[in-house]
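Hi,

Here is the structure I promised to hand over. Have a look at it first, and my notes on what turned up follow below.

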Amino acid sequence: LHHMSWRWAFVCFGSLGVVWTFFFHRWFRDRPEDHPSVNAAELELLKGVSSNAAGHANVPWAKLIRHRSLWLIWVQYFCLSFPWYFYITWLPTYLQEYRHQTPEAASRLAILPLLFGGFGALTCGFVVPRIAKSWGSMKRARRTIGTFGFLAAALLLFLSTRIENAVLGTLVLACASFANDLDMPPSWNTCMDMGGKYAGTVAGSMNMMGNLAGFAAPWIGGMMMDRWHDWNLFFYLMIAVYLCGAMCWPFIDPVTPIEES
């Protein structure tokens, strides 16, 4: 914003999407087997996959609504998203008001939580299959990493309230974001395995709950700050939400399709 108006910043960000669509159009195929880079072994794995999408128009809503694991995956994703939205809404204000950073310093520190969150999702993608292979159970692996992510994020968020140094406190917040995003791959993979040919419906409904948290978290945080002017109180609320999310995962069946359960 030192170099351009917010309007031109929007133009720059939007132009990145235009560039992406060019490369995406060249690379993407509706049918994976049509992609030139797919080898013979992958083609063999893809045989019969298209049948999984058959009949998607007839979504069994009654069966979905009655499914316990679906409700729990909704709740945990709300609990996962609620604190996460702090990083893209209130974090710059927090760094300036509570950590007494200049706008320039706050903008640099605000990079860390989202950067670490990306590392968390990437790490989980590598770790969970190896844990599942070692334990012989994908269900147990997903439940464990899901619960651990919530509990670790809650603990790190609490520790950040006890640290006075701004840089160190933000690094601990970044580690909390890392733990937060450990839950991302298990959540979306569960939608695929649990939803089966209704994976799009299940994933969309879960994401809706995350967006509901995105509506609620900044609004509730703003009301709390307006009334009590206490950042730590807002953090304690987010910690409590994390703990609620941790209680969901031990009861989620993240591998059995809804139509088979």
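**What I found**

Among contacts (heavy atoms within 4.5 Å) in the protein chain between residues at least 6 apart in sequence, 78% join residues at least 24 apart. Before you read on: this is a predicted model, so local features need pLDDT of at least 70 and side-chain atom pairs count only at pLDDT 80 or more, while totals for chains, interfaces and linings use all residues. Residues are numbered from 1 along each chain as its sequence is written, and side-chain values use heavy atoms, with hydrogens and water left out.

**The chain as a whole**

The protein chain has twelve helices and zero strands; both are DSSP runs numbered from the N terminus, with helices being H or I of at least four residues and strands E of at least two. Its C-alpha atoms fill a box of roughly 60 × 45 × 35 Å along the principal axes. Of the 261 residues, 40% are buried. For burial I use relative accessible area with a 1.4 Å probe and protein chains only: buried is under 20%, exposed is over 50%, and partly exposed is in between. The accessible surface comes to about 15,000 Å², and 67% of that belongs to carbon and sulfur atoms. Those areas come from the Shrake-Rupley method with a 1.4 Å probe, and for residues only the protein chains shown count as cover.

**Two helices checked for length**

The expected span of a helix is 1.5 Å times one less than its number of residues. Just after H11, histidine 229 takes a positive phi of about 50°.

H9 (residues 166–180) passes the check too: its 15 residues should span 21 Å, and its end C-alpha atoms are 21 Å apart. Asparagine 165 caps the N-terminal end of H9, with a side-chain oxygen 3.1 Å from the backbone nitrogen of valine 167. That is a polar contact, meaning a pair of N or O atoms within 3.5 Å; within protein, one must be able to donate a hydrogen and the other to accept it, and residues adjacent in sequence count only if both atoms are side-chain atoms. The buried residues of H9 include Gly169, Val172, Leu173, Ala176 and Asn180.

Serine 69 sits in helix H4 (residues 68–88). At a relative accessible area of 5%, serine 69 is buried. Leaving out residues up to four places away in sequence, serine 69 touches Met194, Phe251, Ile252 and Asp253.

Phenylalanine 158 is in helix H8 (residues 138–160) and counts as partly exposed, at 33% relative accessibility. With residues up to four places away again not counted, phenylalanine 158 touches Tyr236 and Ile239. The C-alpha atoms of phenylalanine 158 and isoleucine 239 are 7.1 Å apart, although 81 residues separate the two along the chain.

Phenylalanine 23 belongs to helix H1 (residues 6–27) and is partly exposed at 48%. A nonpolar surface patch of about 760 Å² is made by Val19, Trp20, Phe22, Phe23, Phe24, Trp27 and Phe28. Patches are made of residues with over 30% relative accessible area and no salt bridge; like charges are joined within 9 Å, nonpolar side chains (Val, Leu, Ile, Met, Phe, Trp, Tyr) within 5 Å.

**Salt bridges**

How many salt bridges does the structure hold? There are five, where a salt bridge is a side-chain nitrogen of Lys or Arg within 4 Å of a carboxyl oxygen of Asp or Glu. One of them pairs lysine 47 with glutamate 44, the closest N and O atoms being 3.2 Å apart. Lysine 47 is exposed at 62%, whereas glutamate 44 is partly exposed at 49%. Salt bridges that share partners also join Arg31, Glu33 and Asp34 into one network. In it, the side chains of arginine 31 and glutamate 33 meet at 3.0 Å, N to O, and arginine 31 bridges to aspartate 34 at 3.2 Å between the closest N and O atoms. Arginine 31 is partly exposed at 43%, glutamate 33 is partly exposed at 27%, and aspartate 34 is partly exposed at 44%.

Cheers
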